[in-house]
Amino acid sequence: MIKKWFKTITLSKKPAFQKNHEEQEIIDLIDFLWKEINSSFNTSNLKAKVKNFKASPLSKKIENLPEMYLFIEEHITEKNLKKSLDKKSLRSIITEKHNNLFKYKSFKLIFVPLKEQELKLCKGFLSKVLCKTSKLVGSYNDSEILKIKEYLNTSYNDFSTIDIINERKILLDFSNKIFLTTKNNLGINVITNIYLFVYKKHYQSYHLLDSFSAILNVIPEEILSKNLINFPSKQQMHKMLQKQLYSLEEINERLTREIIERKKVEEELKYSEHLKTIILETAMDGIILVNSLGVVLNWNKQAESILKLKREQTIGKSIYPLVPHKLQEELKRSFNNYIIHGRDELINKRVETYVKRLDGSFVYIELTIIAIETKDDYLFNGFFRDITDRKTMDNEIREAKVIAEKSAKAKSIFLSNMSHEIRTPLNVILGLAGILQKSNFSTPQVDKKNIAGIQFSAENLLILVNDVLDFSKIEAGKLTLHNTNFDLHELITNISRGFRIKADEKGLKYTMLINESVPRFIIGDQLRLNQILVNLLGNAIKFTQTGKITIEVKTENTNNKHVTINFSVKDTGVGIPKDKLQDIFSSFYQVNKPGKNKIEGTGLGLSISKQLIELQGGTLNAKSNLKTGSTFDFSITYLKSKFKSSVHRKIETTITENNTALSDLKVLVVEDNKMNQFFIKQLFSTWGINAHIADNGKIALEKLKNDIYDLILMDIHMPVMDGPETAKEIRQSKNDQINKIPIIACSADVFPESKKKAIESGMNFYLTKPLSEKALKEILLSIQSNSLLKTTNNHNNVVKNKPDSLGSKKLCDLSFLKKTFDDDPEIIKSVLEIFMEETTKDYGILKNYFKEKDYDKIEDIAQMAHKIKSSFKTIGLQKEASVLEKIEHLAKNKAEFTILIKHFNKLNKSYPKIVLEVKQFIKDLSSLNI
């Protein structure tokens, strides 16, 4: 009994069999799933299955794991009373906690995505079929079967790249090949049974998968057509058909999406093509696309614009005839080199070249060629832009650089020459001044010669400075012409008088020829003509050692208003080489190089003369032969003067006859420079003028409070109070004896701005320093003459029966004419006669326009009002001139005719009085010359 009890104790304590780790992992999964079941209803069958599964060996557990899992999964997700998990959530948990079981491919298959799952089920199914047939047939020698076997045993590396529809087709083709090969070897019944057996096994494991029906896609149609019990039921077939329908719908949806995407891509391609076309057509560069043979494929609008060739004229044609021969050869060579070697010096680089257009003109371009390799050919895209303007600018810059370099060189020569030219007279002036300082003036004749030498050198120095100033004015474009009536014969005669003396000193013959057809009086710039002729005659005498100098004046052309006069200066001097004839007109140029035979000068004379002539619409011509002489001639067109030949300016006569008339003048000299004070005081003392000195404007104003002066000579730039400021104070004075004193401005500033400022401040005359004795004396005599005229009028001593009308007219103011023509009655009379002859005719035409009331002639009214306005201003009809100006302005702006007539009627009321006054002026002026 004890022995039996011990045996029982021993058996009850015998340790249980330990399962291995791999088997435990499977049981852990089943236990986990069992815990998720929350319903005891209808679970007895499931409990028995789980119990049998756990009791089975490991190999069976592995084989049946997919079936067991899917069975429990279905219960958890569909039969639980409280559904806490769906398939997706449950599988996610398994994947996270039991992924070590994924080493079993049959189990891992459950957790892959649906599409991949379908294909893997089919591959696994066919792999099992092929394995079964191989056991019966033996090893296959068919290469295609071997390839199928290898393919079925290969896993998908990247499923996203697999075309599912195409893959299904491949697997079905493999299945048909296996079926036919086995059928031919073993018969239809054997292969059918193999498919049924494998299908049954797959059904047992995976029939609960949504993807299971995909297996039917790889079963040959010949097997499916047999009415076999073990093949799918109608329900399964229906499910499969639904799956296929869903698959077809999915395929259709995908195809629809693909079609939409393709259309979208096509639209985008069309838009991209349209955008590319717009970019090409609106590009600032010309763009030409050619193939390897040079045939034009594309030609944009800018290419049309630059090369003047339409796209239609070029597409499909060779590019080579459109470019110069040299560029043709370069393009052919470059295209061939790139095609053969993949590189060329012309490809992918910027080059500058030119193209000849069909119209014969040339266009310079900057060209870049880009090579494009296509499937069948090489294309070459040319980008180019028009650089003709830039080329022209570059050439101009290069030319300007050369000119600038020449100019810089010439200017350095000029500075060297000027240094010498200025030092020469300065040395004479300083030397002779030093001699005079040491002299005791015991030899008056020697002292007089020394003073004459100083004056001569100073005048030469002034000429040099004037040349430089004129040149700077011309260069700056600030030199203006002043047209006045002048006596041409008298001008030529006066110039010749001075140069004849110089010619005689050198033993040269001087001839002056004035043709009879040359009018005595013309309208033009007398000063500039004088400057040109003095330059040309000075050069002629300077460069001539023996022979003669001739100045000739003749009429070249004439009409009603204009006369063209030709001036020529001939000499028998050294002459100019032909290769240097064009250079002589350049600034600072001199034919002679430095040396012992150098003829001195600045090299500006001919340049200034040429530019002065061109300013007046003429051209300076030069003809010359070495050792025989030179001829310079030019022609200028002048306005004809209405002055009669009997009218002479009387200033020179007045100067010579009235040297003693200045002795009664009392002049206030306002000047801060002591040397200038000394010079002016000495000059005035020789003329008998009583001069008082003021160092600045403030002192001058103090002196004017205590003394009455006939004239004020005033410097512009002074300390304390300058000239213009002082002049304004004088003109604003309420004392008529002060505010009406004539003021002469004197300044070293030669520019027009300074003169304008002086005149605006109330000064009457403007002289530049150094003061010209002649110019100053003319102004003084003119002022003195007017003063005497007023005095004699008051006392009735000089002019008998002089009418009061000359100074008491109510409408006309002849002060402008008196000032302009130095109160010369003969000239003023001539101007008034022209007014009566011409302006009255113009007024009659204007009056007729208003009489006819023709609005179409409103532009003619504006022109005629403008023409008459200037004539009215000349004789001092300022009020009436302003009415004409208003008529002109209104007519130009197309005002109503009634407004124009209203203004004209105002003018027309005073016009008869104007005519009577002018006639009376002419009568009065005639009586002065009796």
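Predicted model: local features only at pLDDT ≥ 70, side-chain atom pairs only at ≥ 80, totals over all residues.
Residues are numbered from 1 along each chain as its sequence is written, and side-chain values use heavy atoms, with hydrogens and water left out.

The axes of α3 (residues 44–55) and α4 (residues 58–79) come within 11 Å and cross at roughly 160°; axes are lines fitted to C-alpha atoms, for helices over the stretch in contact, and angles run from 0 to 180 degrees between N-to-C directions. This makes α3 roughly antiparallel to α4, the word being used for angles over 145 degrees, with those under 35 counted as roughly parallel, 65 to 115 as roughly perpendicular and the rest as oblique. Helices (H or I, at least four residues) and strands (E, at least two) are DSSP runs, numbered from the N terminus.

On the α3 side, Asn45, Leu46, Lys49, Val50, Phe53, Lys54 and Ala55 meet Lys61, Asn64, Leu65, Glu67, Met68, Phe71, Ile72 and His75 of α4, contact being defined as heavy atoms within 4.5 Å. The residues of this contact divide into eight nonpolar, three polar and four charged, where Ala, Val, Leu, Ile, Met, Phe, Trp, Tyr, Cys and Pro count as nonpolar, Asp, Glu, Lys and Arg as charged, and the others, Gly among them, as polar.

In helix α2 (residues 21–35), Glu23, Glu25, Ile26, Ile27, Leu29, Ile30, Phe32 and Leu33 are buried, that is, under 20% relative accessible area, with exposed meaning over 50% and partly exposed in between (1.4 Å probe, protein chains only). The buried residues of α2 pack against α3, α4, α5 (87–97) and α6 (105–108).

Individual loop residues were also examined. Asparagine 696, in the loop between β14 (690–694) and α22 (697–706), counts as buried because its relative accessibility is 10%; leaving aside neighbours within four places in sequence, asparagine 696 is in contact with Val670, Met718, Pro719, Val720 and Met721. Asparagine 348, located in the loop between α14 (325–341) and β3 (350–356), has a positive phi of about 65° although it is not a glycine, and with a relative accessible area of 45% asparagine 348 is partly exposed.
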